[in-house]
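Here is a short briefing to read with the model open beside you. Take it topic by topic, with the 3D view at hand.

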Amino acid sequence: MTADQLLALVAGILGGALRVGAPFLFVSLGECITEKAGRINLGLEGVLVLSAMCGFGGSYLTGSVWLGVLCAVLAGGALAALHGVLCSLPRVNDVATGIALMLLGTGLAFYLGKPLIQPQAPQLPPIELGNWSSSPAVKAALQINPLVPLGLLLAVALWWGFANTRAGLLVRMAGDSAQAARALGYSVPAIRIAATIAGGMVAGLGGACLTLFYPGSWNEGISSGQGLIAVALVIFARWSPLRCVGAALLFGGAGALGPALQAIGIGWGYHLFNIVPYVLTLLILVLSCKPGQLAAGAPGEFSAR
Amino acid sequence: MRSVLQQAALPVAAILAALVLFGGFVAFAGASPVEAWVILFKGAFGDWFSWQNTLQRAAPLMLTALCVAIPARAGLVIIGGEGALVLGGLAAAASAQVLPFTGWTGTVAVCVAGALAGAAWIALAGWLRQWRGVNETISSLLLAYVAIGLFKHLVEGPLRDPASLNKPSTHALAESLRIGGIAGSDVHWGLVLGVLACLAAAVWLRWLPSGFATRVVGGNPRAAQLVGLPAAGLILLACALGGGAAGLAGAVEVAAVHTSANASLIAGYGYAGILVAFIARQEPLAVIPVAILFGGFGAAGSLLQRRLGLPDASVLVLQGIAFVLILASEALRDVDWKALWARLFVIPGPTRDPSWRGKSA
């Protein structure tokens, strides 16, 4: 491996960490909001696929990529609203509902997105960070998704907001002690539905990243479990928006390994490199969970366990 | 019998409602909903040809549904049946190359290999939960993606038959190892295996001590602990049995339908099995008719595509809507219909006690 190849590989993994990590960042932030309110939304996998399709379709049909992003956000919010309302019904379990919405979201996206597999939609304009280098490989690797800075801001805002704003405290109260929220006269289901919808909208931004930046087209294999990995990341990040950023970057890097190796001509074991993020998620779950108890930092009203 | 009907009433109503909603989607796509319903019915149950197609698809659905239903009775939500199915199929194809058996013993050996691979895979998810408290819903689905990656790597690499040019496949199973059709039909013996597996699961859960203990562990963990049941072992057993069923589904698909392990195996039976199990309320006997119903929807799917030009994902949409409505219908299970009826349509006279207004009024 020459020095140029090594530089390209490192730049590929670093740039890829941001590029591939963007959907993980948004979905994990979205799940963070949802779980802080005491709900689990496994359906964010479906939200990711559906919003990716809607974002692409919106961008293609309107010709404006930002309207596409808006479509993705609205689609994510709509599917999450369904989850929020269903889970508020008596005897409806949020894990089962999440699985159902995972299937429904994927089905709807494949059904409505069938005509979108061929065309090219306007893409998000990249932020160039690689202009210092003369190597085209490095330049290409360091093109940054304009939604990523937004995601970082959002993470900081959420971290601050959960501790300091009325809305943030209400969400945490609904998640930590529903009784306390009820005692103060707030409707716990309403708070949870609102948090679930907000989470779905944030996750919708992740869907927009997939089809409007990288890989930048709509096809039926576009998400393949990334939403679910992001949901698992929240456990690893201990329900802290700031730690979600680190986790998303780590996973972006792992996910970029296969493409980066392929870019410098190592094609062996393509499928094996592609399973690295899933194996890494499992390892992290194994290391960060403790048998028989909730992980530290978990909202007290968690219905999953 | 009456209670069975009562149990089934809500799911049936939910499926009917899902069909109505699906009609809306069909209309949205510019086709006639009535025509779509007719095609769904005819393509699934219209004639002997459709029935054969339906039953052929119902066989793997029964087995993958057991992969959800059996662990669910031990209190686990496992959704990674697709991974167990895929690895089961791969193990079946690989073992067919090395096992010395021929004839029906060989077929049995191939099926056992598939079941063992699937059992090990899902037991891994159960073990992770017991050992580290890892959420088995997430881990089993992650394991499914790992399994599919491994499958593709092995089928396109080390286990590939060099003669499979366009579509990477393993070596085809020898003729004598394959699972044939039930006399005079296209339906293979895998259907019988599926039905037998459901019956066996029902008998085990209902009448055998370990099955009963598993239900106690799932239904009331505290009670299980108090009477000293070996919960960890029972949970692992339930996962292994469920995974074994899904692995067997993969072996059957390879030995009866595809004749070798290739990408056709990744057809979503594992995910459809989740839905079948939930509609059957995790009851192995109910899995049989529900699997036939959804096998029918699957069989009619390609017909919808050909006749009405609907996308091939139409059946996925129908399944998704049905799943959501089935779960939502649970909320109606304990509704006092008489009281609701009275509240809505019986106008209380002046002498009536207005207790329906609630106590605070």
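How much area is buried between chain B and chain A, and what share of it do carbon and sulfur atoms give? The buried area is about 3900 Å², with 79% from carbon and sulfur atoms; buried area here is the accessible area (1.4 Å probe) that two parts lose on being put together, summed over both. This is a predicted model, in which local features need pLDDT of at least 70, side-chain atom pairs count only at pLDDT 80 or more, and totals for chains, interfaces and linings use all residues. Residues are numbered from 1 along each chain as its sequence is written, chains are lettered from A and ligands numbered from 1 in the order written, and side-chain values use heavy atoms, leaving out hydrogens and water.

**Where chain B meets chain A**

- On the chain B side, 48 residues are in contact with 45 residues of chain A, where contact means heavy atoms within 4.5 Å.
- Six residue pairs are in polar contact between the two chains, both residues being at pLDDT 80 or more; a polar contact is a pair of N or O atoms within 3.5 Å, and within protein one must be able to donate a hydrogen and the other to accept it, while residues adjacent in sequence count only if both atoms are side-chain atoms.
- The elements of chain B that give two or more residues to this side are α1 (2–28), α5 (103–132), α6 (136–156), α11 (269–279) and α13 (314–329); helices (H or I, at least four residues) and strands (E, at least two) are DSSP runs, numbered from the N terminus.
- With 14 residues, α6(B) gives the most to the side of chain B that touches chain A.
- By class, that side of chain B has 30 nonpolar, nine polar and nine charged residues; Ala, Val, Leu, Ile, Met, Phe, Trp, Tyr, Cys and Pro count as nonpolar, Asp, Glu, Lys and Arg as charged, and the others, Gly among them, as polar.

**Salt bridges around A:K114**

- The rule finds one salt bridge across the interface of chain B and chain A, the term meaning a side-chain nitrogen of Lys or Arg within 4 Å of a carboxyl oxygen of Asp or Glu.
- That bridge joins the side chains of A:K114 and B:D312, at 3.3 Å from N to O.
- A:K114 also forms a salt bridge with A:E220, their closest N and O atoms being 3.7 Å apart.
- A:E220 lies in the loop between α9 (188–212) and α10 (226–236) of chain A and A:K114 in the loop between α4 (94–112) and β1 (127–128), so the pair ties together parts 106 residues apart in sequence.
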